[in-house]
Amino acid sequence: SFPILMNIDTILVLWLKEVPELTKEFTILMIINGLIASIGSSLGVPVSATGDIRKSQVWYSIILLSIIPISYLLFNEGFPAYFIIIVTIGSTFTNVIIQAIITAEKTVFKIKDYLIKSIFPVVLVTLTVIPQILLRGYFGNRLIDVLFYSTISVSLTLTSIYIFGLNKNEKKILKNFIVTFKNKIINQS
């Protein structure tokens, strides 16, 4: 998502020709919300496996429904339309926290392990990707610039994910997959 975020203006112009007002803001915020949601997307699975999903679903519903009154209050105060997505991001983030707590209560899941093994690598990768913002300043907004920057950005991000985001076992699995894939390609030639 980082190359998309860094090239959003050019992408929207290429895609839509005439970009409606606030499209950029909505798009960026929706991508951020999706990233936050993906961090906690599997948290409800262990609770579902126990069959005791009532507490989890009640909290999820309360948090989700809270978007409506909070957004209504903000709109009445004159906030721009994209604030509904900011409220949604807050709701998604809150839901991830609540789901982690409920999962820890009902299963052997440990929040400390989740923070160390899942969240910390994500934070490290994110921190190493942020300097790409400076790199973007060296490229223009032509399609070739966007493609070249995106290629560099994806390469740097994948390298960062490999170094900081994967544990030893995941690196081993990835290496085995690459070797197997390479051997298949060579054997088909």
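## Asp9 and its partner

Asp9 has a relative accessibility of 43%, so this residue counts as partly exposed. The model described here is predicted. Asp9 pairs with Lys24: their side chains meet in a salt bridge, with N to O at 3.5 Å. Asp9 sits in helix H2 and Lys24 in helix H3, so the pair ties together parts that lie 15 residues apart in sequence. Lys24 is also partly exposed, at 33% relative accessibility.

## Helix H2 and what covers it

Helix H2 spans residues 8-16, and its buried residues are Ile8, Thr10 and Leu12. After H2 comes Lys17, which has a positive phi, near 65°.

## H2 against H3

Two packed helices are described by the angle between their axes and the distance between the axes. For H2 and H3, the angle is about 115° and the axes are 11 Å apart. Angles of 65 to 115 degrees count as roughly perpendicular. H2 and H3 are therefore roughly perpendicular to each other. H2 passes H3 in a right-handed crossing.

Ile8 and Leu12 of H2 are buried, whereas Asp9 is partly exposed.

## The other salt bridges

How many salt bridges does the structure hold? There are 3. Side chains of opposite charge can pair when their charged atoms come close. Besides Lys24 with Asp9, there is a pair formed by Glu105 and Lys55, whose closest N and O atoms are 2.7 Å apart. Glu105 belongs to helix H7 (residues 83-106) and Lys55 to helix H5 (residues 54-65), so this pair ties together parts that are 50 residues apart in sequence. Glu105 has a relative accessible area of 48% and is partly exposed. Lys55 is partly exposed as well, at 34% relative accessibility.

Arg142 and Asp145 form a salt bridge too, with their side chains meeting at 3.1 Å, N to O. Asp145 is buried, with a relative accessible area of 12%. Buried means under 20%, so the value for Asp145 falls within that class.

Asp145 lies in helix H10. Leaving aside residues up to four places away in sequence, Asp145 touches Phe139 and Gly140. Its salt bridge is with Arg142.

The buried residues of H10 are Asp145, Val146, Tyr149, Ser150, Ser153, Thr157 and Ser160. They pack against H1, H2, H8 and H9.

## H8 against H10

Helix H8 covers residues 111-129, and its axis comes within 9 Å of the H10 axis. The two axes cross at roughly 145°. H8 passes H10 in a right-handed crossing.

Pro121, Leu124, Val125, Thr128 and Val129 make the contact from H8. Thr157, Ser160, Ile161, Phe164 and Gly165 make it from H10. By class, the H8 and H10 contact has 6 nonpolar, 4 polar and no charged residues.

## H5 against H6

Helix H6 takes in residues 67-76. H5 and H6 pack at an angle of about 15°, with axes 4 Å apart. That makes H5 roughly parallel to H6. The contact joins Ile63, Leu64 and Leu65 of H5 to Ile67, Ile68 and Pro69 of H6. What classes of residue make up this contact? There are 6 nonpolar, no polar and no charged residues. H5 also holds Lys55, the salt-bridge partner of Glu105.

Notes:
Residues are numbered from 1 along each chain as its sequence is written. This is a predicted model: local features need pLDDT of at least 70, side-chain atom pairs count only at pLDDT 80 or more; totals for chains, interfaces and linings use all residues. Side-chain values use heavy atoms; hydrogens and water are left out. Buried means under 20% relative accessible area, exposed over 50%, partly exposed in between (1.4 Å probe, protein chains only). Helices (H or I, at least four residues) and strands (E, at least two) are DSSP runs, numbered from the N terminus. A salt bridge is a side-chain nitrogen of Lys or Arg within 4 Å of a carboxyl oxygen of Asp or Glu. Axes are lines fitted to C-alpha atoms, for helices over the stretch in contact, and angles run from 0 to 180 degrees between N-to-C directions. Angles under 35 degrees count as roughly parallel, over 145 as roughly antiparallel, 65 to 115 as roughly perpendicular and the rest as oblique. A crossing is left-handed if the near helix is turned anticlockwise from the far one by less than a right angle, and right-handed if clockwise. Contact means heavy atoms within 4.5 Å. Ala, Val, Leu, Ile, Met, Phe, Trp, Tyr, Cys and Pro count as nonpolar, Asp, Glu, Lys and Arg as charged, and the others, Gly among them, as polar.
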